Amino acid sequence: MISLLSIPVIIAYHIVSAVAAGLAPLLGGAAAAAAIVACTATARLLLLPLSVSALRGQAAQARLAPHVAELRRRHAGDPARLQAEVTALYRREGTSMLAGYLPVLLQVPFFTVLYLLFRSPRVGGTANTLLRHDLLGAPLASHWLTAPGPVSGQGAVFLGVFCALAVIGWLHARLARRPLAPAAPSAPAAPSAPAAAQPAGAARLLAMLAPAITVVMAALVPLAAGLYLITTTGWTLAEQAVLRRRLAPPGPVSPPGRPGRGRRTTGQRR
């Protein structure tokens, strides 16, 4: 276990264990599994402001992408001028080049702590008692290929985990293909457009591979970590679907080189 995260993992362990103990009178042996789901969902809810900020930043970057590509074409031989123009463009629109990534990076330590907790047999030098419980007869500490094997009741539980992750990943990949911002028809086509499209192509490829990668991860970690993966990926899907509808992106920005006309306000005449 990463020593830097040992103390947060221990704190998280005591919190999840307390929730499991509180649910035990109602859910019996399934209390630990329910506590994993409940605590993961609670953590995602507490991190919702960061998710909102990240999606807003990503929408702004998507909206500005054609204008950034045009600036790259226009100032290809002058990197200093290009950097200044791109920075000015983002400043006029009230965002930055890191707006879509920094909130995501700030969430990583929280997800790492939970993932380490649900896959570690020992926490703080003692046994992780959460993994002593089971879900539908399958121990939370069990792996897919351990005894009694994949063709068993335990294997059926893992199969359900894999199917849920595959469906969630497929739906998320479909959602990721939808544009975050409207196209800007006023932006001139740039000869370097294919190069500018490469990051989007890489993102689409990653979205296509993500379901398979997540299923492979679930096959290699304990069942408790698989429950965590189902909860956090399912939350991400629902969160993205809701936020994309509620956080309607603003209209297209003005082309580069016209600093006096950034976002149009409602009712403004052309």
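Tutor: Let us begin with a definition. A helix axis is a line fitted to C-alpha atoms over the stretch in contact, and the angle between two axes runs from 0 to 180 degrees between N-to-C directions. The model before us is predicted.

Student: Before we apply that, how many helices and strands does the protein chain have?

Tutor: The protein chain has eight helices and four strands. Read from the N terminus, the order is α-α-α-α-α-β-β-β-β-α-α-α. Of its 270 residues, 37% are buried. Among contacts with a separation of 6 or more, 74% join residues 24 or more positions apart.

Student: How is a pair of packed helices described?

Tutor: In general, one gives the angle between the two axes and the distance between them. Take helix H6 (residues 153-176) and H8: their axes come within 10 Å and cross at roughly 25 degrees. Angles under 35 degrees count as roughly parallel, and H6 and H8 are therefore roughly parallel to each other. The crossing of H6 past H8 is left-handed.

Student: Which residues of H6 and H8 meet?

Tutor: On the H6 side, they include Val157, Phe158, Val161, Leu165 and Ile168; on the H8 side, they include Leu223, Gly226, Leu229, Ile230 and Arg244. By class, the residues of this contact of H6 with H8 are 14 nonpolar, six polar and one charged.

Student: Which residues of H6 are buried?

Tutor: Among them are Gln154, Gly155, Val157, Phe158, Val161, Phe162 and Leu165. Val157, Phe158, Val161 and Leu165 are also among the residues that meet H8.

Student: What span should H6 have, and what span does the model show?

Tutor: At 1.5 Å a residue, its 24 residues should span 34 Å; the end C-alpha atoms of H6 lie 35 Å apart, which agrees. The same check can be applied to helix H2 (residues 31-46): its 16 residues should span 22 Å, and its end C-alpha atoms are 22 Å apart, again in agreement.

Student: What do the buried residues of H2 pack against?

Tutor: The buried residues of H2 include Ala31, Ala35, Ile36, Cys39, Thr40 and Arg44. The partners of the buried set are helix H1 (6-27), helix H3 (48-74), helix H5 (102-119), strand S3 (134-135) and helix H8 (223-246).

Student: At what angle do H2 and H8 pack?

Tutor: The angle is about 35 degrees, with the axes 9 Å apart. H2 passes H8 in a right-handed crossing. In this contact, Ile36, Thr40 and Arg44 are among the H2 residues, and Leu227, Tyr228, Trp235 and Glu239 are among those of H8. The contact of H2 with H8 comprises nine nonpolar, four polar and two charged residues.

Student: Are H3 and H4 roughly parallel or roughly antiparallel?

Tutor: H3 and helix H4 (residues 79-92) pack at about 155 degrees, with their axes 10 Å apart. Angles over 145 degrees count as roughly antiparallel, and H3 and H4 are therefore roughly antiparallel to each other. Their crossing is right-handed. Gln61, Leu64, His67, Val68, Leu71 and Arg72 in H3 meet Leu82, Glu85, Val86, Leu89 and Tyr90 in H4. By class, this contact of H3 with H4 has seven nonpolar, two polar and two charged residues.

Student: Is His75 buried or exposed?

Tutor: Buried means under 20% relative accessible area; His75, at 10% relative accessibility, therefore counts as buried. His75 lies in the loop between H3 and H4. Apart from neighbours within four places in sequence, His75 is in contact with Arg81, Leu82 and Glu85.

Student: What phi does Leu136 have?

Tutor: As a general idea, most residues other than glycine have a negative phi. Leu136 has a positive phi of about 55 degrees, although it is not a glycine. Leu136 is placed in the loop between S3 and strand S4 (138-139). Exposed means over 50% relative accessible area, and at 74% relative accessibility Leu136 therefore counts as exposed.

Terms used
Residues numbered from 1 in each chain as written. Predicted model: local features only at pLDDT ≥ 70, side-chain atom pairs only at ≥ 80, totals over all residues. Heavy atoms only, no water. Helix = DSSP H or I, 4+ residues; strand = E, 2+ residues; numbered from the N terminus. Expected span 1.5 Å × (residues − 1). Buried < 20%, exposed > 50% of the residue type's maximum accessible area, 1.4 Å probe, protein only. Contact = heavy atoms within 4.5 Å. Parallel < 35°, antiparallel > 145°, perpendicular 65-115°, else oblique. Left-handed = near helix turned anticlockwise from the far one by under 90°. Nonpolar A, V, L, I, M, F, W, Y, C, P; charged D, E, K, R; others polar.
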